[in-house]
Amino acid sequence: MIQTSFTRLVGASAPIQLAAMPGICTPDLVAAVSDAGGLGMLGAPMMSASMLEATLEWLSKKTRGVFGVNFLMPFLDPECVPIAARRARVVEFFYGEPDPGLVERARAFGARVSWQVGSLPEALAAERAGCDFVVVQGTEAGGHVRGETSLLPLLSEVLDRVRVPVVAAGGVATARSLAAVLACGCGAARVGTRFAVAAESGAHPSYVKALLAASAADTCLTEAFSVLWPNAPHRVLRSAIAAAEALTDDVIGEELYAGQVFPVQRFSVSPPTTGTTGHIDAMALYAGESVSNVSSVQPAAAIVAELVEGAERLLRDAALA
Ligand SMILES: Cc1cc2nc3c(=O)[nH]c(=O)nc-3n(C[C@H](O)[C@H](O)[C@H](O)COP(=O)(O)O)c2cc1C
């Protein structure tokens with residue numbers, strides 16, 4: 001398989017990082033991506049320190065591959081950082097100013113540290129803060145979106161200025177798009193929406209069905225799903241906003257998260273998972289523009305193999321041209 005600055009740094013054999021998607025990245029999905037040679041990522045906002053520790057212990061036994069833990073800064077529990085850094089190859093942060101103290105804390109326990117960023121100044125700040133790699137997110141991305149620039153213009157700026165490996169996020173769901181970001185100098189692609197429909201995904205079956213039927217034009221950037229996390233733009237299926245607007249109840253369902261049942265408020269930030277009941281179509285159906293390239297449910301290993309083998313072929317053909 002293709003070896004890059006990223007695969008060498010984290011010890012993966014495929015230049016693919018699973019995007020951390022809380023509730024959707026089940027431990028089985030994380031392990032499947034890790035086993036397939038990618039970097040599996042666990043998203044753990046609001047997970048207790050003991051549950052995080054138990055999940056990471058399960059993962060270490062389940063897979064021989066590499067995995068990481070992603071922390072969303074607005075929900076950060078500092079107690080969880082050393083637990084993640086001791087047991088995971090990568091500790092990663094998103095949605096906040098890169099913090100040198102936090103990076104140092106995670107590195108001190110032996111983890112590689114990364115920050116997902118949405119602009120050149122933020123990428124430079126992440127490098128200055130001591131990150132081992134940066135994830136550059138374009139506005140095509142599904143879920144919460146940090147910046148205001150689409151992927152290729154942003155990558156061109158960042159790749160010229162940043163020396164640590166760069167991972168591209170947003171719109172990568174095919175061998176062609178993986179080949180494109182590798183050819184321009186990235187060490188890997190971070191893939192979210194495509195893995196949300198993987199066989200091991202925890203996404204609710206109706207959410208998966210909606211993703212399979214949708215295309216890029218059915219997504220939009222919005223701040224609509226702001227309960228629990230206000231003022232944070234995110235890309236969702238437009239139909240979910242209309243469905244939530246059509247309801248009047250404050251509570252539109254229930255969800256099982258980190259072992260506990262919670263009410264789902266209308267316009268809550270939580271996406272529907274297999275443990276959610278209620279008005280699924282009116283919940284946060286996060287989707288990137290890459291949803292156009294998502295058309296079937298496949299095991300995560302098949303997705304990794306398709307992307308990597310296809311990208312290898314395309315890059316080889318391009319080199320011969
Ligand atoms: C359902 C969903 C949940 C997400 N949750 C997180 C998260 O908790 N932390 C994070 O760093 N990124 C999160 N993201 C954003 C991804 O890291 C990544 O930027 C995005 O998925 C890339 O675009 P793509 O969906 O087109 O592959 C999420 C994305 C999706 C689709």
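Select C25 to start: this residue is buried, with a relative accessible area of 5%. Buried means under 20% relative accessible area, exposed means over 50%, and partly exposed lies in between, using a 1.4 Å probe and protein chains only. C25 belongs to the loop between β1 (16-18) and α2 (27-35). Those labels follow DSSP runs numbered from the N terminus: helices are H or I with at least four residues, strands are E with at least two.

Before moving on, note that this is a predicted model, where local features need pLDDT of at least 70, side-chain atom pairs count only at pLDDT 80 or more, and totals for chains, interfaces and linings use all residues. Residues are numbered from 1 along each chain as its sequence is written, and side-chain values use heavy atoms, with hydrogens and water left out.

C25 and L315 are 290 residues apart in sequence, and their C-alpha atoms are 29 Å apart in space.

**The ligand**

Select the ligand next. It is surrounded by 24 residues, and the closest are Q116, R190, G192, T193 and S290. A residue counts as near when one of its heavy atoms lies within 4 Å of the molecule. By type, the shell holds twelve nonpolar residues, eleven polar and one charged. Here Ala, Val, Leu, Ile, Met, Phe, Trp, Tyr, Cys and Pro are nonpolar, Asp, Glu, Lys and Arg are charged, and the others, Gly among them, are polar.

Show N70, G142 and S290. The side chain of S290 has an N or O atom 2.8 Å from an oxygen atom of the ligand. For N70, a side-chain N or O atom is 2.9 Å from a ligand oxygen. G142 uses its backbone: an N or O atom there lies 3.4 Å from an oxygen atom of the ligand. On its own the ligand has 600 Å² of accessible area, and the protein covers 97% of that. Such areas come from the Shrake-Rupley method with a 1.4 Å probe.

The ligand sits in the largest pocket. A pocket is an open set of points on a 1 Å grid over the protein atoms alone, where a 1.4 Å probe fits, with protein on both sides within 12 Å along at least five of seven lines. A molecule sits in one if more than half of its atoms lie within 2 Å of its grid points. Color β3 (66-72) and β9 (188-191): these elements give two or more residues to the shell around the ligand.

Go to T219, in strand β10 (residues 219-222). T219 is buried, at 5% relative accessible area. Its side chain makes a polar contact of 3.1 Å with the side chain of R235. A polar contact is a pair of N or O atoms within 3.5 Å; within protein, one must be able to donate a hydrogen and the other to accept it, and residues adjacent in sequence count only if both atoms are side-chain atoms.

Select E223, in the loop between β10 and β11 (234-237). E223 is partly exposed, at 42%. L228 is in the loop between β10 and β11 too. Its phi is near 85 degrees, a positive value in a residue other than glycine.

**Last stops**

M46 is in the loop between β2 (39-43) and α3 (49-62). Its phi is near 65 degrees. M46 is exposed, at 55% relative accessibility.

Finish at P165, in the loop between α7 (151-161) and β8 (166-169). P165 is buried, at 15%.

Note on methods
On a 1 Å grid over the protein atoms alone, a cavity is a set of points where a 1.4 Å probe fits but cannot get out, and a pocket is an open set with protein on both sides within 12 Å along at least five of seven lines; lining residues have an atom within 4 Å of a point.
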